Amino acid sequence: MTDQELQQETIVVELEEESRDWRTEVPNIVLRVLRLDPFALDLYIHLRSIAGGGGGGKAEIGGRKLAELTGMSRGQVADVKKRLSQPFQELGGKPLIRLGEKVKSQGGMVDSITITNIWRENSAYLNKLQKGKSGHVVA
């Protein structure tokens, strides 16, 4: 990728679930069970925040801005996106995000990311852990 291409890189981020405009909710299974490394957790939370920022569950962000927000290089962001797009056993084989084909945007063709709806898997997995226990789940 040339410097010019990296400068113009834009990513469309979309929630697969109903938008929660202007707030970010993270499923507990992500925080308590999946044990993401700090970079992966930070990127996941930022992606959820971007998509839930008042745009009806869909937003665009520049690749450089996303790297800046997360304190990572663009290369690190690309590596972490690949890790988040791998299946998780605890989620029934679902990934946290899906990397899609390029989509048409105002600035041309851009990358797309869909944040997988894992609320059902979150509830099912944590309810399973909770059976027979009282109080909060500590995984």
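Q: So what covers the buried residues of H5?
A: The cover includes S1, helix H3 (38–51), H4, S3 and S4. Helices (H or I, at least four residues) and strands (E, at least two) are DSSP runs numbered from the N terminus. Bear in mind that this is a predicted model: local features need pLDDT of at least 70, side-chain atom pairs count only at pLDDT 80 or more, and totals for chains, interfaces and linings use all residues. Residues are numbered from 1 along each chain as its sequence is written, and side-chain values use heavy atoms, with hydrogens and water left out.

Q: Which residues of H5 are buried, then?
A: Val77, Val80, Lys81 and Leu84. Buried means under 20% relative accessible area (1.4 Å probe, protein chains only).

Q: And where do they sit around the helix?
A: Looking down the axis of H5, the buried residues fall within an arc of 105 degrees, so they line one face of the helix. The arc is taken from the directions from the helix axis to the C-beta atoms.

Q: OK, switching to the sheet. What's the strand order?
A: S2-S1-S4-S3, four strands in an open sheet with mixed pairing. Strands pair if DSSP finds at least two bridges between them. At the edges are S2 (58–62) and S3 (97–105), each pairing on one side only.

Q: How many bridges are there between S3 and S4?
A: Seven, in the antiparallel sense, with S4 covering residues 108–115. Leu99 stands opposite Ile113 in S4.

Key. Buried < 20%, exposed > 50% of the residue type's maximum accessible area, 1.4 Å probe, protein only. Contact = heavy atoms within 4.5 Å.
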